[in-house]
Amino acid sequence: MTEEADHKPNGNLIGFWAKDRAEVDRIAKLVKEFGGNISGGPQLFPISPTYYAVYFADPCGNKYEMVHRLN
């Protein structure tokens, strides 16, 4: 990853769909290993009974979500 000196992250969040909870956990582990910042999860969130997600930011401050849910 190459950071641009003038880059300013905004409030947008990019979401990705995971095939299962194990994939959410795997991504959370990778985020930690590569210097990302986890702001929530991985855990169930009260958005729906099966909403399992991790929220994180890359080293530049861009926000992401990896989620698995059944409904």
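These are my notebook entries on a predicted model of one protein chain.

**Layout.** I started with the secondary structure. The chain has 1 helix and 4 strands. Following the sequence, I read their order as β-α-β-β-β. For overall dimensions I took the C-alpha trace, which spans about 40 × 25 × 15 Å along its principal axes.

**Burial and surface.** Next I asked myself what share of the 71 residues is buried. The figure came out at 34%.

**Contacts along the sequence.** I looked at contacts between residues at least 6 apart in sequence. Of these, 41% join residues at least 24 apart.

**Charges.** I counted 8 positive and 9 negative charges in the chain.

**A closer look at E23.** I picked out E23 and checked where it sits: it belongs to helix 1, which covers residues 21-33. Is E23 buried or exposed? Its relative accessibility is 18%, and the cut-off for buried is under 20%, so E23 counts as buried. One of its polar atoms lies 2.7 Å from the backbone nitrogen of K19. For my own record, then: E23 is a buried glutamate in helix 1, with a side-chain polar atom 2.7 Å from the K19 backbone nitrogen.

How values were computed
Residues are numbered from 1 along each chain as its sequence is written. This is a predicted model: local features need pLDDT of at least 70, side-chain atom pairs count only at pLDDT 80 or more; totals for chains, interfaces and linings use all residues. Side-chain values use heavy atoms; hydrogens and water are left out. Helices (H or I, at least four residues) and strands (E, at least two) are DSSP runs, numbered from the N terminus. Buried means under 20% relative accessible area, exposed over 50%, partly exposed in between (1.4 Å probe, protein chains only). Contact means heavy atoms within 4.5 Å. Lys and Arg count as positive and Asp and Glu as negative; His and the chain ends are not counted. The place of a charge is taken as NZ of Lys, CZ of Arg, CG of Asp or CD of Glu. A polar contact is a pair of N or O atoms within 3.5 Å; within protein, one must be able to donate a hydrogen and the other to accept it, and residues adjacent in sequence count only if both atoms are side-chain atoms.
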